[in-house]
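Please look at the sequence and the model shown here before reading on. The report that follows goes through it one topic at a time.

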Amino acid sequence: MAATAHRPTARKRPAGAPTREPVRRRGRVVQWKGYLYALPALIVLTVFLLVPLGQLVQISLFHWDGISVSTWAGFDNYTEIARDPRLRAGFLHSFILILFFSVIPIALALMLAAVTTRAGRLRGVSVFRAMIFLPQVVAMVVTATAWTAIYAPDGVLNTALRAIGLESVARPWLGDFSTALPAVGLIGTWLEIGLCLVLFVAGIGQIPAELYEAAKLDGAGPVREFFAVTLPGLRGQITVALTLTVIAALRTFDLVYVATHGGPGNATSLPAYEVYNRAFGTGQVGSACAIAVTLTAVILLLTFLITKVQPQEDQT
Amino acid sequence: MISARERVLNYAILTLFAALALLPLIGVVSSALTPAAESGPSFTWPRHLDLGNFGTAWRQGHFATYLTSSLLVAVSVVVLTAVLAILAGFSFAHFDYPGRSALFYITLIGLMVPPEAFVIPLYFNLRDTGLTDSYWSLILPQTAQSLAFGVFWMRNFFRSVPVSVIEAARLDGASDWRLLWRILVPTSRPALLTMAMLVFMWTWNEFLLPLVMITDESKRTAPLGLAFFQSEHTTQYSVLAAASIIVALPVVASYVFLQRHFISGMLSGAVKG
């Protein structure tokens, strides 16, 4: 959500601003006071974020149960990720969740954006925006309890299915090996579609109306208009939506912790859940750290790829 | 002009998605209002409204304690983040010194790294210094996490302030300190409010960190308390629904209340860009 509000702005700065700076600096004395202003934030960041990150990598190279003396493991904890079927499954589940958290919401929101190109100018749109965006601000634990009730054996979903004669389809959605992961995934779709829709509707509002008029004059139908004007105009927003939703999918923890505890079996086990479970449940701290390092690397790599695929001038 | 047909279609789509977003939440609200006797394992529609579940949840779930913990932690994180992010954002936006961009990029690491990554070493560090099971173990790490965003946010806002404004202040002989607190901070009020709201929400909703750091029941935050409450109340959904509302309400209420600032912050940023 944060980046929602922000990144588009950051990208739109005049290209002249950043290039001016080095020149200015060369002509000026070093402003040492700048360090003082940045210092308090840097200290907090270093002690509580950067140092632990370094330690994470260090611990990942040891066998450690969190209590007794650790022993050197080399890359054992990493090779274990490739060997252990439960961990492999965890990462595979993450990628399936990306489908539900990112691909489906973005595709749906884009289709909707295509038909609501001028929704941003409708009366009362801010009320709709507030409602559609609401799932994003509700604590994940609350979301999880709500959906647990929906998916429960005697829950709303099964009651509805029975009412329309689909008794055979009804099942404990979160307790069934074949449906648990998609059921969790659909919660993600519900969560993220609002984010994407709000982003895209706002983005379309920023596309100059002349472009649409020009497309109309050229005789473009709705489909061509979408591909020629709307889609290119939303590139920045799509990048932001992809980044945010992919990260959300890979980081999913609260949802699974409350709704399924990784079960049934390991049907919904996810890397973030394994990190927690091994470090604080089964005393495999070294292994937990190796998973955390791998997960972080995957997140950084995907974030990097997403922004690279959409090259744009960015001053930061 | 928007044609009538287009208008109807747009409203229909917006209504549909607003309904989809709201339905599960409405289910929670209606279940919470169902008298305990009529409650089931899932959503229920009350025959008559009953507020008793809130009292039951409040007492049985010790939510007075949990909400106090959450409020204390969230407000501390917001204040600390705001002060530190203003100072660092000012530094990165308006001073020239070697290593400035390198330091700025380092702060950005926190934007991309998930809490799952640093929570394990953090836990052992804090345990060794005796800080686990204290509010500090929640406040300081979450300040660090929020700072990555806060510094980025404030720096970009400060950079968007027109040079003429800053030059005018300098001509009047304003010191850096005065320029920051008398001119830049007041003009950045919408940005600050947006940041405060986001940091408040992230901190309030955070689950993993309190789960790891806190064992003392009296220091549990609201979402953590709810997770424990849920595992104890699987049969009577109405009480759990009431508890869920208690936990979600502070953030949802501030979202409704501060939405105007939030949107105006977004729009003014877009216009300036």
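## Annotated spans in chain B

Over residues 136-158 of chain B the chain is 100% helix and 0% strand, with the end C-alpha atoms 30 Å apart; here helices (H or I, at least four residues) and strands (E, at least two) are DSSP runs, numbered from the N terminus. This is a predicted model, in which local features need pLDDT of at least 70 and side-chain atom pairs count only at pLDDT 80 or more, while totals for chains, interfaces and linings use all residues. Residues are numbered from 1 along each chain as its sequence is written, and chains are lettered from A and ligands numbered from 1 in the order in which they are written.

The span 136-158 is one of those that UniProt, in an unreviewed entry, lists for chain B as "transmembrane region", the others being 63-90, 102-124, 179-204 and 237-258. UniProt positions are given in the numbering used here, feature names are shortened, and annotations may be inferred rather than shown by experiment. Residues 237-258 of chain B are likewise 100% helix and 0% strand, and their end C-alpha atoms are 31 Å apart.

## Chain B as a whole

Chain B has 12 helices and zero strands, and its C-alpha atoms fill a box of roughly 70 × 65 × 30 Å, taken along the principal axes.

Chain B is divided into domain 1 (4-52) and domain 2 (60-272), where the bounds come from an automatic or database domain assignment. The centres of these two domains of chain B, taken over C-alpha atoms, are separated by 31 Å. In chain B, 11 residues of domain 1 are in contact with nine residues of domain 2, two residues being in contact if their C-beta atoms, placed from the backbone, lie within 7 Å. On the domain 1 side of this contact in chain B there are five nonpolar, six polar and no charged residues; Ala, Val, Leu, Ile, Met, Phe, Trp, Tyr, Cys and Pro count as nonpolar, Asp, Glu, Lys and Arg as charged, and the others, Gly among them, as polar.

## Where the two chains meet

The contact between the chains takes 82 residues from chain B and 82 residues from chain A. On the side of chain B, the largest share, 15 residues, comes from helix α1 (residues 4-32) of chain B. The residues of that side of chain B divide into 57 nonpolar, 19 polar and six charged.

The crossing of α6(A) and α1(B) is left-handed, a word used if the near helix is turned anticlockwise from the far one by less than a right angle, with right-handed used if clockwise. A:Phe128, A:Met131 and A:Ile132 of α6(A) make the contact with B:Leu14, B:Phe17, B:Ala18, B:Ala21 and B:Leu22 of α1(B), and by class these residues are eight nonpolar, no polar and no charged.

Residues 180-205 of chain A are 100% helix and 0% strand, and their end C-alpha atoms lie 38 Å apart.

The axes of helix α9 (residues 180-206) and helix α12 (residues 235-251) of chain A come within 10 Å and cross at roughly 165°. α9(A) and α12(A) are therefore roughly antiparallel to each other; angles under 35 degrees count as roughly parallel, over 145 as roughly antiparallel, 65 to 115 as roughly perpendicular and the rest as oblique. Their crossing is right-handed. Helix α4 (residues 76-83) and helix α15 (residues 285-309) of chain A pack at an angle of about 70°, with their axes 8 Å apart, and α4(A) and α15(A) are therefore roughly perpendicular to each other.

Most residues other than glycine have a negative phi, and most peptide bonds are trans. A:His261, in the loop between α13 and α14 of chain A, has a positive phi near 55°. A:Pro264 lies in the loop between α13 (254-259) and α14 (271-280) of chain A, and a cis peptide bond, with omega about -5°, joins A:Gly263 and A:Pro264.

Definitions and conventions: Axes fitted to C-alpha atoms, helices over the stretch in contact; angles between N-to-C directions.
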